[in-house]
Amino acid sequence: MSGEYEDLKRRMDGAIAAFKHDLASLRTGRASSNLLDAVQVQAYGTAMPINQVANVSVPEPRMISVSVWDKSMVSAVDRAIREANLGFNPIVDGTTLRIPLPELNEQRRKELVKISHGYAENARVAVRHVRRDGMDFLKKAEKDGTISEDDQRKRSDQVQKLTDEMISSIDHLLSDKEAEIMQV
């Protein structure tokens, strides 16, 4: 079971890692290079992540700087950022795009909190799916006679304890992000 338990833990950790990535892409009052992770640029006939055509940095707390490597790609990067519906208006300066972050109003902050709650619920569901797979595996193992009823009960408790820890971790990450978003 230790191999299966490790696999369950790895899959639950994966759900939390995906949740952390989703939260990082949400905009708070401070600039972060992660805010542009979702932007896809039409480059050389294909859609590419922005970090494959430019350097993204944060020179100031309320400014993102995008240094495009190929001069011919500046307008494509500018268009991709504007069309990503992130509410950004880049200022083109040669091969560099400066993106000032506007203040978040109360309504936008509440929308971001709602979005983060949706991300958290998706992560909880993913963790519960992994839990269900683990419980199904244990029930099948008991039915097949591979493990005893006592072992099945003990291991089920371990899986439930792991699930509870992961859900608690998701809730903690969510409350931290919520506080960060609502901070003026």
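**Figure 1. Lys140 and Asp144, one turn apart in helix α3.** Lys140 and Asp144 are four residues apart in helix α3 (residues 106–144), which means that about one helical turn separates them. Helices here are DSSP runs of H or I with at least four residues, strands are runs of E with at least two, and both are numbered from the N terminus. The two side chains form a salt bridge, with the closest N and O atoms 3.0 Å apart; the term stands for a side-chain nitrogen of Lys or Arg within 4 Å of a carboxyl oxygen of Asp or Glu. Lys140 counts as exposed at 52% relative accessibility. On this scale, buried is under 20% relative accessible area, exposed is over 50%, and partly exposed lies in between, with a 1.4 Å probe and protein chains only. Please keep in mind that this is a predicted model: local features need pLDDT of at least 70, side-chain atom pairs count only at pLDDT 80 or more, and totals for chains, interfaces and linings use all residues. Residues are numbered from 1 along each chain as its sequence is written, and side-chain values use heavy atoms, leaving out hydrogens and water.

**Figure 2. Further salt bridges.** The whole structure holds 14 salt bridges according to the search. One of them joins the side chains of Asp93 and Arg98, at 3.3 Å from N to O. Asp93 is partly exposed, with a relative accessible area of 45%, and Arg98 is also partly exposed, at 34%. Another links Arg132 with Asp133, whose closest N and O atoms are 3.6 Å apart. As a reminder, side chains of opposite charge can pair when their charged atoms come close.

**Figure 3. Helices α3 and α4 side by side.** Helix α4 (residues 149–182) packs with α3 at an angle of about 170 degrees, and their axes are 10 Å apart. The axes are lines fitted to C-alpha atoms, for helices over the stretch in contact, and angles run from 0 to 180 degrees between N-to-C directions. The two helices are therefore roughly antiparallel, a label for angles over 145 degrees, while those under 35 count as roughly parallel, 65 to 115 as roughly perpendicular and the rest as oblique. The residues of this contact divide into 14 nonpolar, six polar and 11 charged. Nonpolar covers Ala, Val, Leu, Ile, Met, Phe, Trp, Tyr, Cys and Pro, charged covers Asp, Glu, Lys and Arg, and the others, Gly among them, are polar.

Figure 4. His117 sits in helix α3 and is partly exposed, with a relative accessible area of 35%. Leaving aside neighbours within four places in sequence, His117 is in contact with Leu174 and Glu178, where contact means heavy atoms within 4.5 Å. From His117 to Leu174 there are 57 residues in sequence, yet 7.1 Å in space, C-alpha to C-alpha. Asp171 belongs to helix α4 and is partly exposed at 33%.

Figure 5. Within α2, the buried residues are Val74, Ala76, Val77, Asp78, Ala80 and Ile81. Their cover includes β1, β4, β5 and β6. Strands β4 (residues 63–68) and β6 (residues 96–100) pair in the antiparallel sense over five bridges, and Ile64 has Ile99 in β6 as its bridge partner.

**Figure 6. The β1–β2 hairpin and Tyr44.** Strands β1 (residues 40–43) and β2 (residues 46–49) pair in the antiparallel sense over four bridges. Val41 stands opposite Met48 in β2. Two residues lie between the strands of this hairpin, and Tyr44 in the turn has a positive phi of about 55 degrees, although Tyr44 is not a glycine. Most residues other than glycine have a negative phi. Tyr44 is exposed, with a relative accessible area of 57%.

Methods
Pairing = 2+ DSSP bridges.
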